[in-house]
Amino acid sequence: MTDDHAHVLDFFTPRAADWDSRFPDDGPACAAAAGLLGLRPGDAVLDAGCGTGRALPALRAVVGPAGTVLGADLTPAMLEVAAQAGRGADGTLLRADVARLPLRDDALDAVFGAGLISHLARPEADMAELARVVRPGGVLALFHPIGRAALAARQGRTITDDDLRAEPRLRELLSGAGWRLESYTDEDDRFLALAVKQG
């Protein structure tokens with residue numbers, strides 16, 4: 001286990017049991033974001049850093065029963081909560097590091113990452129790995145149910161231009177990893193960046 005893995009596990013393991021009850025109102029915003037991926041019935045999508053799998057039902061609703069929905073997370077406790085909540089019925093739960101996904105090149109139509117980017121050890125390399133598993137023209141959605149300013153206030157910190165989610169930084173990061181940022185929304189009640197894989 002790397003130090004990066006230890007940091008993620010140390011953060012999420014003790015929070016897994018009550019994660020859903022701490023953020024009970026995120027579902028509608030998550031479903032709305034999933035609906036903006038442009039997915040069609042039969043498509044394949046990954047929820048990267050799926051946590052307790054709350055996005056899996058929304059993603060399943062978009063791709064339908066013939067589609068493929070995968071939920072990958074590094075933290076076993078989060079995946080256990082997802083399984084206990086029955087979310088494995090909406091997607092296959094995988095214990096996996098987004099830095100080294102057990103998927104072939106161009107296997108997916110889209111990746112959904114809720115609250116993902118701030119927990120990546122090597123953001124550009126990790127975004128490049130997500131690009132590897134998505135077909136050219138496929139979509140990446142980086143989502144958070146509240147915007148940057150609201151999240152910073154919740155965490156007792158100030159918002160800075162250094163934040164990876166600041167539009168200029170994010171655009172540059174994604175471009176270096178094979179993505180083109182198509183749209184960027186940062187409002188009090190939603191953060192959503194949509195990018196398309198180049199090539």
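Me: In which loop is Pro-14 found?
Reply: Please bear in mind that this is a predicted model. Pro-14 lies in the loop that joins α1 (3-12) and α2 (19-22).

Me: Is Pro-14 buried or exposed?
Reply: A residue counts as exposed when its relative accessible area is over 50%. Pro-14 has a value of 60% and is therefore exposed.

Me: How should I read a sheet, and what is the order of the strands here?
Reply: Strands of a sheet pair through backbone hydrogen bonds, in either a parallel or an antiparallel sense. Here seven strands make an open sheet with mixed pairing, in the order β3-β2-β1-β4-β5-β7-β6. The strands β3 (92-95) and β6 (179-187) stand at the edges; each has a single partner strand, so one side of each is left without a neighbour in the sheet. From one strand to the next, the twist averages 15 degrees.

Me: In which sense do β6 and β7 pair, and over how many bridges?
Reply: β6 and strand β7 (residues 190-197) pair in the antiparallel sense, over eight bridges. Within this region, Asp-186 stands opposite Phe-191 in β7.

Me: Which strands does α8 touch?
Reply: Helix α8 packs on the sheet and touches β5 (134-144), β6 and β7. The direction of α8 makes about 155 degrees with that of β6. Another helix, α4 (residues 56-63), lies across β1 (44-48), β2 (68-73), β3 and β4 (108-114) and runs at about 160 degrees to β2.

Me: At what angle do the axes of α6 and α8 cross?
Reply: The axes of α6 (residues 123-132) and α8 (residues 167-176) come within 8 Å and cross at roughly 55 degrees. The two helices are therefore oblique to each other. Their crossing is right-handed.

Me: Which residues make that contact between α6 and α8?
Reply: From α6 come Pro-123, Glu-124 and Met-127, and from α8 come Leu-173, Leu-174 and Gly-176. By class, the residues of this contact divide into four nonpolar, one polar and one charged.

Conventions: Residues numbered from 1 in each chain as written. Predicted model: local features only at pLDDT ≥ 70, side-chain atom pairs only at ≥ 80, totals over all residues. Heavy atoms only, no water. Axes fitted to C-alpha atoms, helices over the stretch in contact; angles between N-to-C directions. Helix = DSSP H or I, 4+ residues; strand = E, 2+ residues; numbered from the N terminus. Parallel < 35°, antiparallel > 145°, perpendicular 65-115°, else oblique. Left-handed = near helix turned anticlockwise from the far one by under 90°. Contact = heavy atoms within 4.5 Å. Nonpolar A, V, L, I, M, F, W, Y, C, P; charged D, E, K, R; others polar. Pairing = 2+ DSSP bridges. Buried < 20%, exposed > 50% of the residue type's maximum accessible area, 1.4 Å probe, protein only.
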